[in-house]
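Thanks for coming, everyone. Let's take a quick look at one structure together.

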Amino acid sequence: MKIKKIISILAITALVMTAFISPAYAATEKNETVFGILGSDGSVKNIYVVNQLLGDYVDYGSYTQIKNLSSDTQPTVTGDKITFPDDEISGGLYYQGTMEAQLPVTFDISYSLDGKEIQASELGGSDGHMKIEIDYAVNDKCDERLTEGIIAQIMITLNMNLASDIDYHDGTSVIVGNTMTISYTSLFEESGSAVLEADVKDFEMDSISISLLKGAFSLGDFESTIDSFKDGFIDMQDGAGELIDGTTELKGGISSLVGGIRKLSSGMNELEKAGDDIADGNSSYAAGLKQYTDGVFALSGGSSQIKNGLDDLAANGDAISAGVSQASSALKSLDSSSAELAALAQSLLTSSDPSVQALAQGTLEALSGVSEISGGLSSASAGLESYAGGVSQAAAGYADFDEGLQQLSGSSGQIYKGFKDLSSGFDGYLSGISQTSSGLKSLYSSIKVLPSDIQQLIDGQIEFKKGIAEANDEITSETQVLDTSQSIVSFASPDKNKPSSVQYVLITPAIEKPDEAQEQTADESPDNFFTRFADLFR
């Protein structure tokens with residue numbers, strides 16, 4: 001993780017700095033550097049401890065051999081107490097002690113060429129695909145105080161003229177000229193493997209070097225920076241919680257909005273359907289109204305003819321009534337003057353002459369018909385007067401009806417035109433309703449997924465908050481070993497020495513070509529390297 005990479009950089013930086021910076025006299029009385037000679041397979045061959053003493057030159061440790069690196073004096077050894085008789089030496093007194101002990105970390109190194117495991121000595125001058133695998137683990141046989149918070153850095157140097165297609169897996173590399181330096185870092189009591197692969201030709205390689213350092217070192221001002229960094233994570237976590245709450249409220253509002261849009265879209269859809277029904281009704285009504293107006297126009301024309309006929313009938317009825325009245329009067333006069341004729345005809349009925357009797361009988365019958373006609377004309381005259389009066393009233397009343405009908409005929413066209421305008425306007429309204437309904441459907445289709453999308457956002461925010469919490473916990477866990485309250489433990493004597501710093505430097509033999517390896521003298525062995533190193537302090 002990135003957090004581990006950050007801490008790895010911090011650890012490596014501190015490892016380098018503490019290896020070369022001497023502490024102030026007032027802060028410590030001792031520094032230790034542990035040199036380990038490893039075999040090619042990672043087994044421990046020899047352990048040397050170079051000690052720097054400040055102030056009183058008294059130290060503790062169980063050594064098989066002790067060598068003063070600053071003067072020719074020999075120490076006094078009483079049990080595990082070591083006392084040097086030297087006076088104050090500028091920069092402190094350095095001495096080397098040889099020990100038999102367990103290192104905090106164990107290493108198991110294996111080599112292969114073209115997939116076949118071989119010894120390191122067989123790699124010198126070889127060609128093919130090489131693989132080096134270094135398995136490391138915390139040494140459970142070592143004092144737990146030494147292994148707690150231990151950091152390991154493995155460094156391998158390759159000549160790029162002799163190695164190509166280099167794959168260093170989880171390592172990091174730095175190239176200077178034709179030299180590639182590859183580093184692998186384990187953090188705080190980790191176990192794992194460092195794997196290096198390359199295609200080699202006439203191969204040789206310098207020693208593998210390994211540095212160990214306790215994680216308990218002072219970060220100075222950077223410690224407060226880490227605290228601020230962790231406080232920032234807490235603030236971020238709180239902010240993420242507020243963001244989740246706000247987004248949850250947003251989801252609730254969006255859900256309500258989506259529900260409202262859905263209901264509005266449904267209602268608009270129903271309104272659109274109702275509008276279609278209204279439009280159909282308008283068409284039917286318009287057809288009926290057209291038939292009505294056409295009927296009114298036709299009726300108005302017929303009504304004029306009826307009115308004219310009634311007017312003519314009323315005018316003729318008066319003349320007929322007058323003629324019938326005159327005829328009735330004439331018949332009445334005839335009827336009254338025919339009494340003598342009737343008496344004569346009655347007397348003639350007794351005549352012996354059949355012809356006279358027939359004539360008399362016919363006359364009586366004719367006079368009876370005239371009498372009946374006269375009575376009928378009298379009744380007809382009275383009826384005609386009533387009829388003529390009724391026709392006159394009907395003609396006068398129908399004139400009002402006809403006037404109203406003519407006005408209705410004139411306004412019917414306006415009614416039909418007005419309804420057509422209303423129907424046309426409703427068609428526009430219906431078109432607007434349809435467009436609105438379609439728009440609402442599209443809007444609902446677009447936003448109906450918003451609540452689920454926002455829920456995914458909320459889920460992501462929750463994971464983000466969890467990630468912040470986990471990162472903060474990991475920072476706390478990984479930086480606990482950087483707590484200055486942890487004391488640095490002496491490798492030489494964990495119970496009695498209180499060193500300011502303890503570093504471990506381990507090396508393996510170099511991989512050399514066979515002819516060069518044979519020329520190597522005993523003075524060039526790794527063991528004697530530390531002897532020459534010790535001579536630098538004399």
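β10 and strand β15 (residues 192–200) pair in the antiparallel sense, over nine bridges. Strands here are DSSP runs of E, at least two residues, numbered from the N terminus. Two strands pair if DSSP finds at least two bridges between them.

A word on the source. This is a predicted model, where local features need pLDDT of at least 70, side-chain atom pairs count only at pLDDT 80 or more, and totals for chains, interfaces and linings use all residues. Residues are numbered from 1 along each chain as its sequence is written, and side-chain values use heavy atoms, with hydrogens and water left out.

Five strands form an open sheet in the order β9-β8-β10-β15-β12, with antiparallel pairing. β9 (116–118) and β12 (163–167) are the edges; each has a single partner strand, so one side of each lacks a neighbour in the sheet.

Next, which residues line the largest cavity? They are V105, Y136, V138, I150, A152, S186, E189 and E190. A cavity is a set of points on a 1 Å grid over the protein atoms alone, where a 1.4 Å probe fits but cannot get out; lining residues have an atom within 4 Å of a point. β10 (128–138) and β11 (150–159) each give two or more residues to this lining.

Last stop: Q503, in strand β17 (residues 501–507). Buried or exposed? Q503 counts as buried, because its relative accessibility is 6%. The cut-offs are under 20% for buried and over 50% for exposed, with partly exposed in between (1.4 Å probe, protein chains only).

Notes: 1 Å grid on protein atoms, 1.4 Å probe; cavity = no way out; pocket = protein on both sides within 12 Å on 5 of 7 lines; lining within 4 Å. Helix = DSSP H or I, 4+ residues; strand = E, 2+ residues; numbered from the N terminus.
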